Amino acid sequence: MLAKLTRLFPLWAVLLSVAAYYTPTTFTGIGPYVSPLLTRLYVDAKISVDIMGMLLSILQIVVIPIGLGLIVHHAFTKTVKRVEPLLPALSMVCILAIISAVVAGSQSHIASVGLVVIIAVILHNGIGLLSGYWGGKLFGFDESTCRTLAIEVGMQNSGLAATLGKIYFSPLAALPGALFSVWHNLSGSLLAGYWSGRPIKKK
């Protein structure tokens, strides 16, 4: 049941984005919890934006979940195995909450810049998918590796992008990340479905 729900992530993302756009006050309360949703520590220091601050935030987001994950996995192996099936659904809920908060926070700007941002997001994702696949072909990798490269290059961490944009710049800066989270799940699902119908022949 949970697996079916998580596979419908693009649909939930679109529905929540529409709901957040038309009823932003329903979702703006999520804004302060965007950072905890990404399992990170954030100290609200009222300082100007600088590169070091952004690097430290990235370090916190990346290193802390990995470190905690390793500790929990080794200390509570049996418990981890029991809750592991629930983690994809939990991740989906967190990302959906982030998307809805960002869309609600930037609702006033979407009408004026939304179309341009959507086009930029689609081009960015398309270039990533194509360059990953054909870059692999250029270097002589097999079909399986080329497909993997396409997915890896084309599917960026949109949740992290949206959060950093919201924290260090403005809700508008977080908008591309939120829209990308919706779009790359649609494009990735379509591409995965297309390739699943064309299995790689083993040599």
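Trainee: Is Tyr21 buried, partly exposed or exposed in this model?

Mentor: The model is predicted. Tyr21 has 22% relative accessibility, so Tyr21 counts as partly exposed. Tyr22 has 64% and therefore counts as exposed.

Trainee: How many aromatic pairs are there, and how is such a pair read?

Mentor: A pair of aromatic rings is described by the distance of the centres and the angle of the planes. A search of the whole structure gives three aromatic pairs. For Tyr21 and Tyr22 the ring centres are 5.0 Å apart and the planes stand at 90 degrees, so this pair is edge-to-face. Elsewhere, ring pairs join Tyr133, Trp134 and Trp195 into a cluster.

Trainee: Which residue forms a salt bridge with Arg147?

Mentor: Glu143, with the closest N and O atoms 2.9 Å apart. An α-helix has 3.6 residues a turn, so residues three or four places apart point the same way. Arg147 and Glu143 lie four residues apart in helix α8 (residues 143-154), so about one helical turn separates them. Salt bridges with shared partners connect Lys137, Glu143 and Arg147 in one network.

Trainee: What is the N to O distance between Lys137 and Glu143, and how many salt bridges does the structure hold?

Mentor: The Lys137 and Glu143 side chains meet at 2.9 Å, N to O, and the structure holds two salt bridges. Lys137 is partly exposed at 34% relative accessibility, whereas Arg147 is buried at 14%.

Trainee: What span does helix α6 reach?

Mentor: Helix α6 (residues 87-105) reaches 27 Å from its first C-alpha to its last, close to the 27 Å expected for its 19 residues. Its buried residues include Met92, Leu96 and Ile99.

Notes. Residues numbered from 1 in each chain as written. Predicted model: local features only at pLDDT ≥ 70, side-chain atom pairs only at ≥ 80, totals over all residues. Heavy atoms only, no water. Phe/Tyr/Trp six-rings, centres within 6.5 Å; stacked < 30°, edge-to-face > 60°. Buried < 20%, exposed > 50% of the residue type's maximum accessible area, 1.4 Å probe, protein only. Helix = DSSP H or I, 4+ residues; strand = E, 2+ residues; numbered from the N terminus. Expected span 1.5 Å × (residues − 1). Salt bridge = Lys/Arg side-chain N within 4 Å of Asp/Glu carboxyl O.
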